[in-house]
Amino acid sequence: MAMLLKHVRASSSLLKQHVTRAHLLSRPFTTTEGHRPSIVHKRSLDILHDPWFNKGTAFSMTERDRLDLRGLLPPNVMSPDLQIERFMVDLKRLEVQARDGPSDPNALAKWRILNRLHDRNETMYYKVLIAKIEEYAPIVYTPTVGLVCQNYSGLFRRPRGMYFSAEDRGEMMSMVYNWPAEQVDMIVVTDGSRILGLGDLGVQGIGIAIGKLDLYVAAAGINPQRVLPVMIDVGTNNEKLLEDPLYLGLQQHRLDGDDYLAVVDEFMEAVFTRWPNVIVQFEDFQSKWAFKLLQRYRSTYRMFNDDVQGTAGVAIAGLLGAVRAQGRPMIDFPKQKIVVAGAGSAGIGVLNAARKTMARMLGNNEVAFESAKSQFWVVDAKGLISEGRENIDPDALPFARNLKEMDRQGLREGASLVEVVKQVKPDVLLGLSAVGGLFSNEVLEALKGSTSTRPAIFAMSNPTKNAECTPEEAFSILGDNIIFASGSPFSNVDLGNGHIGHCNQGNNMYLFPGIGLGTLLSGARIISDGMLQAASERLATYMSEEEVLKGVIFPSTSRIRDITEKVAAAVIKEALEEDLAEGYHGMDARELKKLSEDEIAEYVKNNMWNPEYPTLVYKKE
Ligand SMILES: NC(=O)C1=CN([C@@H]2O[C@H](COP(=O)(O)OP(=O)(O)OC[C@H]3O[C@@H](n4cnc5c(N)ncnc54)[C@H](O)[C@@H]3O)[C@@H](O)[C@H]2O)C=CC1
Ligand SMILES: CC(=O)C(=O)O
Ligand SMILES: [Mg+2]
């Protein structure tokens with residue numbers, strides 16, 4: 001007891017010292033020199049989950065190797081003093097958050113309570129999440145997950161998922177076996193370089209992979225024992241994190257070029273060697289790498305990029321809903337004039353998919369594809385993108401406006417968003433810019449000139465503070481005859497005349513769980529454009545005519561399990577039609593092909609995990 005008290009006193013006096021990075025890093029670790037080692041009969045996660053032996057981030061690298069812990073903890077080995085400092089900083093931060101935090105001041109506290117339940121009892125956690133998905137999706141997912149990622153150093157308690165760092169080069173093929181599950185169905189991986197609209201959060205981005213996988217379990221019924229959140233830590237270019245001694249990731253600038261690719265290649269090889277049937281969802285990679293990695297892997301591995309492909313599918317479903325909401329048939333989509341603010345992974349993904357959808361409706365040929373591009377005006381941080389742009393991003397080039405034609409329209413290279421909206425009078429204004437408030441009052445006023453009978457505003461950037469405008473702003477300026485969707489949830493707006501302005505949530509959460517589940521259950525070798533298109537079309541037709549005319553173009557999150565089942569069935573059907581399906585467990589491709597539409601739906605339902613306690617029986621080893 002006396003020893004214990006001495007230790008506590010020593011720790012608390014340490015907290016009073018002014019802690020600088022150099023000071024902390026130079027302090028030697030507390031050692032057990034002179035003490036005999038403790039014999040443990042456990043390794044891997046069992047050690048981390050055992051409060052008697054767990055040292056968390058303080059396990060040294062040699063201990064991590066000895067105890068099969070490599071990859072199960074963030075890469076930065078911390079001294080016990082630093083661990084305590086990190087805990088205290090977090091405690092104090094919570095006090096600040098309670099005053100100046102997000103719109104729900106208790107959001108972070110709710111996340112902690114749910115997270116503790118997740119650590120203690122997974123079945124109960126998912127029972128709660130599924131039953132109250134509308135209430136808790138905004139906690140485990142956007143917007144609160146953004147805040148969680150920003151504060152991850154402080155919130156980190158028990159590790160969840162795996163970390164593959166630049167320091168693990170040459171080791172990944174063996175360390176992947178440190179993960180205790182024999183079967184993994186879904187991996188969500190990020191390199192933390194663009195977390196929601198919050199920029200480079202480095203290793204802290206693992207929170208988004210965890211949040212997305214929560215939705216895989218809750219919406220798609222993927223077995224929680226078979227999901228794996230992954231953080232690829234190649235460093236960070238966030239200078240604040242680099243200077244923070246409490247940061248949990250590698251304290252170096254990001255690898256680039258071939259060095260970067262070598263790490264991601266090694267990771268892909270390692271996970272597909274151990275789990276050949278796994279599906280890997282790439283999440284929140286900066287645009288610079290998002291497209292390159294997608295092209296590099298998509299024809300060899302079962303993978304997709306959620307920000308590029310999932311977002312595109314959801315946006316297309318929403319855009320088609322907006323056409324229907326005008327009382328017009330979907331086939332009128334190619335007549336829509338669309339202004340897109342943001343030309344990153346999400347914006348370009350949407351533009352490419354929207355152009356292809358229009359081209360298909362116009363005859364599915366070269367001429368149709370060429371003519372469809374004239375329906376889009378793309379504005380990025382430098383303004384309207386035209387052929388006159390110097391060093392134009394090759395991904396944006398197909399959408400650069402022709403200079404002569406722009407001149408006729410009274411526009412120029414770099415024209416501001418408000419000028420573009422004034423001149424184009426678009427049917428749709430879609431934001432994937434990560435700039436909160438970009439659709440200013442002036443821009444929304446300009447949209448009053450829209451030639452549409454029911455203009456649509458998609459403020460899709462996340463989290464909430466990054467939304468290009470709020471529904472209140474949109475409805476108050478443009479009246480109730482608009483369609484509004486946002487990436488993060490907002491409440492409907494009471495327009496004061498007995499009318500309600502409906503706020504849709506336009507988020508890739510309506511597709512990625514179904515894309516993953518459909519791919520898993522079909523056993524498709526790859527995820528084709530056709531499968532993604534089938535997913536998007538199913539979402540587009542999910543809403544009834546009556547709902548759409550009321551301005552409800554996306555289902556409420558309470559229906560996410562149902563929509564996911566239907567999306568998954570559509571993906572399976574398409575995989576079968578394209579001869580990509582290889583079957584899953586007892587259902588081989590031949591059997592799958594014999595299933596009717598109703599039987600496919602039943603097959604999906606029957607293979608979704610439900611949060612029920614199984615009966616347990618003890619057996620001696
Ligand atoms: N609702 C949803 O389902 C999804 C939403 N997103 C959101 O989309 C946003 C963007 O994601 P990425 O494309 O990956 O990011 P990014 O950083 O690659 O792209 C941002 C783009 O916005 C442009 N931009 C910056 N300032 C601007 C301004 N003042 N006016 C017009 N454009 C401006 C940039 O030039 C760039 O082209 C993020 O906030 C993310 O959370 C992303 C995926 C899905
Ligand atoms: C929703 C999402 O994937 C994003 O904001 O990045
Ligand atoms: Mg994302």
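My entries follow, topic by topic.

**Ground rules.** I am working on a predicted model, where local features need pLDDT of at least 70, side-chain atom pairs count only at pLDDT 80 or more, and totals for chains, interfaces and linings use all residues. Residues are numbered from 1 along each chain as its sequence is written, chains are lettered from A and ligands numbered from 1 in the order written, and side-chain values use heavy atoms, with hydrogens and water left out.

**Parallel sheet.** I started with an open sheet of five strands, ordered E1-E3-E2-E4-E5, with parallel pairing. Strands here are DSSP runs of E with at least two residues, helices are runs of H or I with at least four, and both are numbered from the N terminus. Two strands pair if DSSP finds at least two bridges between them. Which strands stand at the edges? They are E1 (162-165) and E5 (303-305); each has a single partner strand, so one side of each lacks a neighbour in the sheet. Axes are lines fitted to C-alpha atoms, for helices over the stretch in contact, and angles run from 0 to 180 degrees between N-to-C directions.

I then looked at the E4 side. E4 (residues 279-282) and E5 run parallel and are joined by three bridges. Gln281 stands opposite Phe304 in E5.

Two helices came up next. Helix H12 (residues 206-220) packs on this sheet and touches E1, E2 (186-190), E3 (227-233), E4 and E5. The direction of H12 makes about 160° with that of E3. Helix H14 (residues 257-274) lies across E1, E2, E3, E4 and E5, at about 150° to E4. Contact in these notes means heavy atoms within 4.5 Å.

**Mixed sheet.** I found an open sheet of seven strands, in the order E8-E7-E6-E9-E10-E11-E14, with mixed pairing. Its edge strands are E8 (383-384) and E14 (503-505), and each pairs on one side only. E7 (residues 376-380) and E8 pair in the antiparallel sense over two bridges. Val379 stands opposite Leu384 in E8. Helix H16 (residues 306-325) packs on this sheet, touching E6 (338-341), E9 (428-431), E10 and E11 (483-486). I noted about 155° between the directions of H16 and E10. Helix H17 (residues 345-361) packs on the sheet as well, touching E6, E7 and E9, at about 175° to E7.

**Helix H7.** How do the axes of H7 (residues 122-131) and H8 (residues 133-140) cross? They come within 6 Å and cross at roughly 115°. That makes H7 roughly perpendicular to H8 (65 to 115 degrees). H7 brings Tyr125, Val128, Leu129, Ile130 and Ala131 to the contact, and H8 brings Ile133, Tyr136 and Val140. By class I count eight nonpolar, no polar and no charged residues. Ala, Val, Leu, Ile, Met, Phe, Trp, Tyr, Cys and Pro are nonpolar, Asp, Glu, Lys and Arg are charged, and the others, Gly among them, are polar.

Tyr125, Tyr126, Leu129 and Ile130 of H7 meet Asp214, Val217 and Ala218 of H12. This contact has six nonpolar, no polar and one charged residue.

**Cores.** A nonpolar core is a set of buried Ala, Val, Leu, Ile, Met, Phe, Trp, Tyr and Cys residues joined through side-chain atoms within 4.5 Å. Buried means under 20% relative accessible area, exposed over 50%, and partly exposed in between (1.4 Å probe, protein chains only). The largest core has 166 residues; Ile187, Phe267, Val280, Phe282 and Phe458 have the most contacts inside it. Apart from it lies another core of 32 residues, among them Val339, Trp377, Ala446 and Cys469.

I logged a cis peptide bond from Thr142 to Pro143, with omega near 10°. Pro143 is in the loop between H8 and H9 (144-150). Asn462 and Pro463 are also joined by a cis bond, with omega about -15°. Leu196 is not a glycine, yet has a positive phi of about 45°. Is Leu196 buried or exposed? Leu196 counts as buried, at 10% relative accessibility. Asp579 has phi near 60° and is partly exposed at 46%.

Methods. Parallel < 35°, antiparallel > 145°, perpendicular 65-115°, else oblique.
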